[in-house]
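Colleague: Can you take me through this one? Start with the cut-off you use for accessibility, then go on to the chain itself.

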Amino acid sequence: MMAGNPIVYVVDDDPSVRKALERLLRSGGYETKTFCSALEFLDYGPFHVPCCLVSDIRMPKLTGLELQDRLVEKEIFIPIIFITAYGTVPDSVKALKAGATDFLEKPFKEHELLDAVSQGIRKHHILMKQKKRMKILTVRLHTLTPRECEVFKLIVSGMLNKQVAYDLGIVEKTVKVHRAQVMQKMKAESFADLVRFAETLGIRFSKP
């Protein structure tokens, strides 16, 4: 179940288009918030519920593609559905390569936009879950002592306790104690859990 009601943000400099999109999205059951420019949207935030952005490509001052670049620079990763009456292949390729969920050329069918929005909302929900998991694991990681961090990295590389002991210049019994502490502090119920946690945290160690 998603945390909070999903919301769709609409950025378009044409008031009639904003109104039409808002009506369509609300008919699809989505809460919506509209913006008349990319700059106005950049001043909005943060984003605490699953959401996606529907944006025109060609707008004054800051285009939709430039908005996408600005969001990436600010490390704001929201699924974007671009709509345009003047789409070009280079524009669509650039948008999709930069992570846009879809690129729709006007006139598009209502269900095409609603389907793209549904996909974008699901994508953002997954991203939010991953971000929350990363934050939790990072907090746990910071509870480890420097020696426990060393043991953590070595055991998830596949090294045996006696190999870790030799590598660190300590006795195997001490490694077992540190290993137990790592399991407890990271809240890992199994070694497989510990390996998955390491992968999520980006800990990559090859066997020496």
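Modeller: A residue counts as exposed when its relative accessible area is over 50%, and as buried when that is under 20%. By that cut-off K61 is exposed, because its relative accessible area is 79%. Bear in mind that this is a predicted model.

Colleague: Where is K61 in the chain?

Modeller: K61 sits in the loop between β3 (51–56) and α3 (64–73). Its phi is positive, about 70°, although K61 is not a glycine.

Colleague: And K187, which loop is that in, and is it buried or exposed?

Modeller: K187 belongs to the loop between α8 (172–185) and α9 (191–201). K187 is exposed, with a relative accessible area of 55%. Here too phi is positive in a residue other than glycine, with a value near 60°.

Colleague: Let's step back. How many helices and strands are there?

Modeller: The protein chain has 9 helices and 5 strands. Read from the N terminus, the order is β-α-β-α-β-α-β-α-β-α-α-α-α-α. The chain is more spread out than a compact globule, because its radius of gyration is 23 Å, well over the 17 Å that the globule rule gives for 208 residues.

Colleague: What does the C-alpha trace span along its principal axes?

Modeller: About 75 × 35 × 30 Å. As for burial, 39% of the 208 residues count as buried. The accessible surface is about 12200 Å², and carbon and sulfur atoms account for 55% of that.

Colleague: What about contacts between residues at least 6 apart in sequence?

Modeller: Of those contacts, 65% join residues that are at least 24 apart.

Colleague: Last topic, the backbone. Which peptide bond is cis?

Modeller: The one from K106 to P107 is cis, with omega near -5°. P107 is in the loop between β5 (102–105) and α5 (110–141).

Note on methods: Residues are numbered from 1 along each chain as its sequence is written. This is a predicted model: local features need pLDDT of at least 70, side-chain atom pairs count only at pLDDT 80 or more; totals for chains, interfaces and linings use all residues. Side-chain values use heavy atoms; hydrogens and water are left out. Helices (H or I, at least four residues) and strands (E, at least two) are DSSP runs, numbered from the N terminus. The radius of gyration is taken over C-alpha atoms; the globule rule is 2.2 Å times the number of residues to the power 0.38. Buried means under 20% relative accessible area, exposed over 50%, partly exposed in between (1.4 Å probe, protein chains only). Contact means heavy atoms within 4.5 Å. Accessible areas come from the Shrake-Rupley method with a 1.4 Å probe; for residues, only the protein chains shown count as cover.
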